[in-house]
Amino acid sequence: MRIAMVSEHASPLAALGEVDAGGQNLHVAELSAALARAGHSVTVYTRRDARSLPERVVAGPGVTVVHVPAGPARHLPKDDLLPHMGAFAEVLAAEWAGDRPDVVHAHFWMSGLAALLGARDHRLPVVQTFHALGAVKRRHQGAQDTSPAERVALERQIGQRVTRVAATCSDEVFELARMGVRRSNISVVPCGVDPEMFSPGGERAPSGAPFRLVSVGRLVPRKGFDTIISALRRLPDTELVIAGGPERQALAGDPEARRLREHAAAEDVADRVHLLGQLSRAEMPALLRSADAVVCAPWYEPFGIVPLEAMACGVPVVAAAVGGLTDTVVDGITGLHVPPRRPDELARALRALLRDPGRRAAYGAAGRDRACSRYSWDRIAQDTRRVYERAVAEARPRETADQVAGGSR
């Protein structure tokens, strides 16, 4: 199968942890590679955000990345990219006129807009993965939401017009249904993990305290790192390591890093909170293995790849009961669920877990089993392929009907 991936702001070649570079980049990269291993040909279209980038890059066997000229060739915040989606779509339409894919898979809402416009004249089936929904973001961030005003309305139109929607979790299915997307057009396809890279055996980063908590993600308020810092005050002999954000030498100039350090000082735990900055993918397994528990405490989370990586490493996960975390982390089996933004309850759950090494080991073993059996990227690629096949089959009757109608005029 010839697959066109559209990921307008999230390049599979980007360094994770930077602004606007996170789970979506990893999802596109790993899914593309897994599909290619299964014998498919994948082309990923992403916006050119630097003049030095070549037009095409072979990212691996069977995977090509095309840098699309749409807007200035420099980094732009993803919330500023909407005016350039028309130009992006024109490039897609021209590409697909000469090199027609079997299916188009759009990642994020603006990619969906560009994909629908680019595929329109070629009658290509379009599968949409939103990764995050504007209505949910607005509900949780309110006035701090920097998304374009048109986002919620456009997402509704995209969800109703694409051939199929691939939701990343069951919570998203309910949100999509509220937007008017037909349930029969939605399939649940979660994110995945590499169980060979993330495994219990291997190097462990050195720890500086009897107990270590690890949390990973972009340095943005919604990730809830301040909640974990507040909980740390009630957890003696415990250190918190936070990985993500800019490179370590640039942390001093990062507003969120400064805010977290000030919060740690106010909670009198500054000596036990360590911000590592951006880590490479190769460094991440050793850090996760060094944890007695991995903590994910966001206000909301469309999916969350870090819990899967921790589970694959055999480490228990304590997660806020929001979004995709309610699917991946099984409460009382692979870890624990806690209410979001409740440091007292988070501290209570962590304190009990840290005092019980047998339970930590049991959660870790169950998490490893779950990650390998349900969330390997090869399994996710199989699930995604089935969605593509349904989209292609559903698009053919529409095309035939259009041809019949055209011939009768």
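Predicted model: local features only at pLDDT ≥ 70, side-chain atom pairs only at ≥ 80, totals over all residues.
At what angle do helix H3 and helix H5 pack, and how far apart are their axes?

**Entry 1: H3 and H5**

I took H3 as residues 109-119 and H5 as residues 151-161. The two helices pack at an angle of about 55°, and their axes are 10 Å apart. I therefore logged H3 as oblique to H5. The crossing of this pair is left-handed.

Next I listed who makes the contact. H3 supplies Trp109, Gly112, Leu113 and Leu116. H5 supplies Arg151, Leu154, Glu155, Ile158 and Arg161. I sorted the residues of this H3 and H5 contact by class: five are nonpolar, one is polar and three are charged.

**Entry 2: Ser111**

I stayed on H3 and looked up Ser111, which lies in that helix. Is Ser111 buried or exposed? Its relative accessible area is 0%, so Ser111 is buried; the cut-off for buried is under 20%. A polar atom of the Ser111 side chain sits 2.7 Å from the backbone oxygen of His107. I then left out neighbours within four places in sequence. Ser111 is still in contact with Val6, Ser7, Glu8 and Ala106.

**Entry 3: H7 and H8**

The crossing of H7 and H8 is right-handed.

Which residues make the contact? From H7 I found Phe225, Asp226, Ile229 and Ser230. From H8 I found Arg259, Leu260, His263 and Ala264. The contact of H7 with H8 divides into four nonpolar, two polar and two charged residues.

**Entry 4: Thr238**

I moved on to Thr238, placed in strand S10 (residues 238-243). Thr238 has 1% relative accessibility, so I logged it as buried.

Which backbone oxygen lies 3.1 Å from a polar atom of the Thr238 side chain? It is the backbone oxygen of Pro236. I also found the backbone oxygen of Leu235 at 3.5 Å from a polar atom of the Thr238 side chain.

I again set aside neighbours within four places in sequence. Thr238 then contacts Ala209, Phe211, Leu213, Leu232, Arg272 and Leu354.

**Entry 5: Arg370**

Arg370 is in helix H13 (residues 357-374). I read 24% relative accessibility for Arg370, so it counts as partly exposed. Not counting residues up to four places away in sequence, Arg370 touches Met311, Asp327, Thr328, Val330, Thr334 and Tyr375.

How far apart are Arg370 and Ala250 in space? I got 37 Å, C-alpha to C-alpha. In sequence, Arg370 and Ala250 are 120 residues apart.

**Entry 6: Gly39**

Last, I looked at a loop residue. Gly39 falls in the loop between helix H1 (23-37) and strand S2 (41-47). At 60% relative accessibility, Gly39 counts as exposed; the cut-off for exposed is over 50%. I also checked Gly39 against Pro61. Gly39 and Pro61 are 22 residues apart in sequence. Their C-alpha atoms are 9.7 Å apart in space.

Conventions:
Residues numbered from 1 in each chain as written. Heavy atoms only, no water. Axes fitted to C-alpha atoms, helices over the stretch in contact; angles between N-to-C directions. Helix = DSSP H or I, 4+ residues; strand = E, 2+ residues; numbered from the N terminus. Parallel < 35°, antiparallel > 145°, perpendicular 65-115°, else oblique. Left-handed = near helix turned anticlockwise from the far one by under 90°. Contact = heavy atoms within 4.5 Å. Nonpolar A, V, L, I, M, F, W, Y, C, P; charged D, E, K, R; others polar. Buried < 20%, exposed > 50% of the residue type's maximum accessible area, 1.4 Å probe, protein only. Polar contact = N/O pair within 3.5 Å; in protein donor to acceptor, adjacent residues only side chain to side chain.
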